[in-house]
Amino acid sequence: MGSQAVSMPYLADTENVSSGERRDYWRHVVSHAFVPLEASFPREDAGFDGRLRGATLGALGVYDVDTGAHAAHRTAKLTTAAPAECYKLGLVVSGRGLLGQDGRQAVLNPGEFAVYDTDRPYTLTFEDPSRLLVLIFPRTMLGLPQDRIAQITATPISGDSGLGALVGPFLLQIGALLEEVETHGGARLAGNVIDLVATTLAGRLDLTADPGSIRNALFLRITSYIEAHLGDPGLGPAEIAGAHHISTRYLHKLFRAEGTTVLAWIRERRLDRCGRDLRDPLQLLRPVSAIAVRWGYTDASHFSRIFKAAFGLSPREYRHGQALCARGQDEASPLPRP
C-alpha cells in the first residue's frame with residue numbers, strides 16, 4: 001500500500017485503449033490495484049469498458065470501479081504464489097455481482113456488500129455493466145478472529161438496516177472526498193472506516209465488539225451526518241444528538257476525545273467548503289454571500305469575521321488572491337502557440 005498515509009488518486013480507464021487491447025489492459029489494472037487476478041470475459045470479441053479510480057489511506061485501499069461484463073478469478077495458484085493477507089469488501093452500487101468463496105455463492109444487488117479473503121480462492125462475476133466500491137486492507141486491521149470471518153465470507157450483508165446501512169453511504173462520501181483528505185486525517189479516517197466494518201461484522205457473528213470500535217463507529221456516523229447537513233443553519237449539538245439517540249453530554253464527550261468540540265468541527269468543515277468554493281474558478285461570479293448561505297452562514301458579517309480569523313484574509317481578498325495565483329501560473333506557463 002505504500003508508506004504514505006494518503007496516496008495520490010489512482011485512475012485507470014479503457015477509453016483511450018484500443019478495443020483489441022482492453023481486456024489485457026483490464027487484467028493488468030485489477031491485478032495492480034488489488035492482488036494478482038485472472039480475468040475472463042463472456043465474449044473475447046465483444047467490446048469492453050472499464051474505469052477504476054482509487055487511493056490508499058494508510059493501509060486501507062478504497063476503489064470505485066465501473067466495469068463491463070467479466071469475471072475476476074483469484075485462483076489457488078495465485079493465492080500460493082502471491083499471498084496478500086488481506087480482506088476485501090465489495091459493495092455493489094449498480095448492476096449486480098456474484099461472489100463465490102468457501103463454497104458459498106452471494107448474489108450482490110445494489111446496496112449489498114460482502115467480505116472475502118484474498119488468500120483463499122474466489123471468483124467475482126459481473127454479467128452486465130456494474131459499479132462497485134471496494135475496500136482492501138490487511139486482515140490484522142479488523143481485529144476479529146480469522147476463523148470466524150471465514151464463516152461469513154461471500155455472504156451478502158444488507159445496506160438497508162443496522163450498521164450495514166451506514167457502510168454504503170459513507171463509502172460513497174469517501175470516494176467523493178479522496179482528493180481532499182489530508183495525510184493525518186486520512187490515517188484517522190482509515191481507522192474509523194475499519195472500526196465501522198469490524199463492528200458491523202461482529203454484530204453479524206454475534207461477537208462482542210471492542211467498546212472503542214463501537215465508539216469510533218458512532219463518531220464516524222455522527223461526522224457523516226454533519227457532512228451531509230452542513231448547509232443547515234440550525235445544525236447544532238441538540239439536533240445531532242437527537243438524530244443519533246444520544247444525550248448532548250455524551251456527544252460532547254465523543255468530540256472531546258478527538259481533541260475538539262462539536263461546534264469547532266462544524267465550523268472547520270463549513271469554512272473548508274467555503275474556501276473550496278471561493279477557489280473554484282467556475283464559481284467566480286457567484287456572490288460570496290451565496291457561497292456562505294450554501295454552507296449554513298446566513299449572517300454575512302459574521303461569516304466574514306470568522307473566515308478572516310481562519311484564513312487571515314476576508315472572503316473577497318481570499319478569492320482575489322487565488323485568482324491572481326492562478327493567473328500567474330498561466331502566465332508563467334504559456335500555452336504553446338499554433
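Author: About 40 Å³ of space lies in the second largest cavity. This is a predicted model, where local features need pLDDT of at least 70, side-chain atom pairs count only at pLDDT 80 or more, and totals for chains, interfaces and linings use all residues. Residues are numbered from 1 along each chain as its sequence is written, and side-chain values use heavy atoms, without hydrogens and water.

Reader: How many cavities does a search of the whole structure find?

Author: A cavity is a set of points on a 1 Å grid over the protein atoms alone where a 1.4 Å probe fits but cannot get out. Points are joined across faces, edges and corners, and a volume is the space filled by probe spheres set on them. With a threshold of 30 Å³ or more, the search finds 2 cavities.

Reader: Which element gives the most to the lining of the second largest cavity?

Author: Lining residues have an atom within 4 Å of a point. Here they include Gly90, Leu91, Val92 and Tyr116. Strands are DSSP runs (E, at least two residues), numbered from the N terminus. Strand S6 (86–94) and S10 each give two or more residues. With 3 residues, the top contributor is S6.

Reader: What is the volume of the largest cavity?

Author: Its lining has 15 residues, and among the closest to its centre are Val30, Phe34 and Ala72. S10 gives the most, with 3 residues. The space in this largest cavity is about 150 Å³.

Terms used. 1 Å grid on protein atoms, 1.4 Å probe; cavity = no way out; pocket = protein on both sides within 12 Å on 5 of 7 lines; lining within 4 Å. Helix = DSSP H or I, 4+ residues; strand = E, 2+ residues; numbered from the N terminus.
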